[in-house]
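Subject: Handing over a structure, with notes on what is in it

Dear colleague,

Please find below the sequence and structure that I am passing on to you. My notes on what was found follow directly after it.

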Amino acid sequence: MQLELLAPARNKDIGIAAIDCGADAVYIAGPSFGARYAAGNPIEEIAELCSYAHRFGARIYATVNTLLDEQEKPQAEAMMQELYEAGIDAFIVQDPAILSLKRPPLPLYASTQSVIRTPERAAELEKAGYSRLILERQLSLDQIRAIREAVSCEIECFVHGALCVSYSGQCYLSEGLLGRSANRGCCAQPCRSLYTLTDADGKVLVKDRSLLSLKDFRLDSHIAQLVDAGVNSFKIEGRLKNASYVKNIVRHYDRLLNEYVATHPEHSRASLGRCKGGFTPDPDLTFNRGYTKAFIDGTRGKWNSADAAKSMGEFIGVISSVKGNTITLDSDRQLSNGDGLSFVSRNEEVAGMRAEVVEGRRVSVKDASALSNGMKVYRSSNIRFERELEKNMPQRLIEATVNYRSAAGTTVLEACLAGGMRAEISFDDDAPEAAKPDTAIDNIRRQMSKITGSFDFSAGSVETDVPRFYPISRLNALRRSLSEKLEAAIVEATVSSRAAAPSADAKAPAFPQPDRHEVMRTKYCIRHELGFCPKQHPASSPKEPLYLTNVGYKLRLGFDCKNCEMIVFL
């Protein structure tokens with residue numbers, strides 16, 4: 001089975017960086033309908049990204065995953081055709097109405113917003129014509145296996161990034177509170193706001209906490225289990241994230257997938273080329289709200305991000321003294337001038353500042369008035385690491401063997417990839433016979449064993465009836481020509497293998513509709529998180545119903561204990 005590492009891209013440049021760091025595919029929005037209002041891209045830049053990706057046999061998926069109004073359908077049809085002509089390889093969609101649109105002959109991937117968390121729903125979507133299902137993030141491995149057994153199409157799972165508190169596609173909180181629909185790409189993220197939790201009598205249980213904000217998802221320790229469960233594509237969330245985040249996280253998972261494939265030869269990567277050199281990735285050093293595995297093991301840990309609705313960063317140490325605008329940290333971590341620092345202020349809000357001058361454990365800041373002894377300090381931005389990400393990129397190269405054959409005045413240079421793809425150049429050879437045959441053959445081997453373009457060439461067999469002498473410049477030119485020919489062959493194979501959409505059921509699957517007062521359904525449970533679960537702590541259960549309040553809004557919480565789910569009502 002081919003395993004795909006799928007990376008997000010806010011724009012063309014980040015998409016190219018993701019490819020350079022090992023992504024097998026990139027998902028990106030076109031000019032509109034991309035479910036991220038601030039992440040649209042011109043068609044011509046999508047075309048440039050496709051052209052670059054196809055050099056490595058990598059693929060580009062266009063997100064057309066908002067719900068469409070009737071009057072928007074012609075525009076969506078036209079944009080999908082333009083994206084197809086730009087070279088994209090598949091569409092990620094949410095609205096089942098797209099099935100009935102006039103569209104290019106490319107696969108449709110059912111977005112995670114299509115509410116895919118049961119075998120029955122998965123089978124329904126496959127029957128409708130979807131080539132890939134992007135599963136809900138709050139599933140267990142057992143649930144993923146059950147879906148795999150119910151369908152034969154590809155399965156894609158998120159493995160890293162921000163985690164929506166609601167089941168994907170079934171969050172109406174932003175729309176209900178602020179008129180901004182998440183399913184139209186305009187989510188205001190009210191889940192990251194502070195709320196006060198009260199019981200039925202109005203008693204305050206928790207005050208001003210980000211009770212609906214979850215930690216970030218991280219499944220790097222579950223790659224083998226996900227493959228075993230039948231996952232084809234491993235997806236990183238983050239189409240609004242910056243380049244350093246994408247580089248770091250993509251490179252981290254690229255290494256993990258390569259390590260897995262190296263010991264499981266029945267699997268391979270879905271694109272060509274491997275990254276060499278460059279920075280050492282570390283997911284702890286870029287934006288995160290802390291990490292959770294959610295429900296992947298079928299058990300509950302702590303999901304709530306608590307104080308870190310914003311990224312706190314890595315824990316550095318505790319303040320041991322404050323003198324003027326200089327603090328002393330009880331820490332062995334090395335800070336640098338310009339590092340971003342964060343802490344929880346006295347009024348329990350996350351605040352930040354920059355390290356101006358670092359001298360060992362002493363750090364000078366512009367204003368230390370909000371700091372005091374005993375406060376925990378985190379590094380939200382590591383300036384050294386950010387510079388390393390910018391200046392020390394890995395080099396992605398495709399290994400190829402060059403064979404040389406010359407007989408009866410005709411010479412053939414053939415480049416071969418491990419998977420069997422090949423390209424050759426052939427020419428009538430009038431080069432003179434070499435006076436020193438062994439030296440001439442050594443020169444051929446040496447000049448055919450160099451990095452050229454995207455290829456790391458190594459000399460293979462050298463067969464000749466008459467050893468010929470070539471100037472170094474001629475051998476270099478031949479190698480460059482062979483590189484261009486092989487790259488063209490890879491691009492042609494990638495583009496020509498763009499899969500056509502499978503036959504579809506004429507009836508599009510209905511989009512599940514909740515109760516009109518229900519704005520969120522989730523596997524995350526505030527009662528469990530706070531130790532109020534009546535199954536586990538019946539004596540400590542508060543009087544229900546429970547309410548979340550925030551700036552005049554009041555949300556009622558419901559609990560479906562049979563399915564172990566929480567429901568939020570407006």
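A residue is called buried when its relative accessible area is under 20% and exposed when it is over 50%, with partly exposed in between. Please keep in mind as you read that the model is a predicted one.

With that cut-off, helix H1, which covers residues 12–20, can be described as largely enclosed by the rest of the structure, because eight of its nine residues are buried. The buried residues of H1 are Lys12, Ile14, Gly15, Ile16, Ala17, Ala18, Ile19 and Asp20.

Now for the chain as a whole. The protein chain has 570 residues, of which 55% count as buried, and it holds twelve helices and 30 strands. Taken along the principal axes, its C-alpha atoms fill a box of roughly 100 × 70 × 40 Å. If one looks at the contacts between residues at least 6 apart in sequence, 70% of them join residues that are at least 24 apart.

Setting aside residues up to four places away in sequence, Leu3 touches Asp24, Val227, Val231, Asn232, Phe234, Leu257, Tyr260, Val261, His267, Ser268, Arg269 and Ala270. One of these, Phe234, is 231 residues from Leu3 in sequence, yet the two C-alpha atoms are 7.7 Å apart in space.

In strand E30 (residues 565–569) you will find Phe569, which is buried as well, since its relative accessible area is 15%. Not counting residues up to four places away in sequence, Phe569 touches Asp515, His517, Glu518, Val519, Lys554, Leu555, Arg556 and Gly558. Phe569 and Asn11 are 558 residues apart in sequence, and their C-alpha atoms are 36 Å apart in space.

Next comes a pair of helices. H4 (residues 119–128) includes Ala122, a residue that counts as buried because its relative accessibility is 0%. Leaving aside neighbours within four places in sequence, Ala122 is in contact with Ile116, Leu133, Ile147 and Val151. Helix H5 (residues 141–150) packs with H4 at an angle of about 35 degrees, the two axes being 8 Å apart, and the crossing of H4 past H5 is right-handed. On the side of H4 the contact is made by Pro119, Ala122, Ala123 and Glu126, and on the side of H5 by Ala146, Ile147 and Ala150. By class, the residues of this contact are six nonpolar, no polar and one charged. For a sense of distance, the C-alpha atoms of Ala122 and Tyr172, which are 50 residues apart along the chain, are separated by 22 Å.

Most residues other than glycine have a negative phi, and most peptide bonds are trans. Asp208, which is not a glycine, has a positive phi of about 50 degrees; Asp208 is placed in strand E9 (residues 204–209), and it counts as partly exposed because its relative accessibility is 37%. Ala408, likewise a residue other than glycine, has a positive phi near 55 degrees. Ala408 sits in the loop between strand E22 (395–407) and strand E23 (410–416), and with a relative accessibility of 73% it counts as exposed. The peptide bond that joins Glu544 and Pro545 is cis, with omega at about 10 degrees, and Pro545 belongs to the loop between helix H12 (526–529) and strand E28 (546–550).

With best wishes

Conventions
Residues numbered from 1 in each chain as written. Predicted model: local features only at pLDDT ≥ 70, side-chain atom pairs only at ≥ 80, totals over all residues. Heavy atoms only, no water. Helix = DSSP H or I, 4+ residues; strand = E, 2+ residues; numbered from the N terminus. Buried < 20%, exposed > 50% of the residue type's maximum accessible area, 1.4 Å probe, protein only. Contact = heavy atoms within 4.5 Å. Axes fitted to C-alpha atoms, helices over the stretch in contact; angles between N-to-C directions. Left-handed = near helix turned anticlockwise from the far one by under 90°. Nonpolar A, V, L, I, M, F, W, Y, C, P; charged D, E, K, R; others polar.
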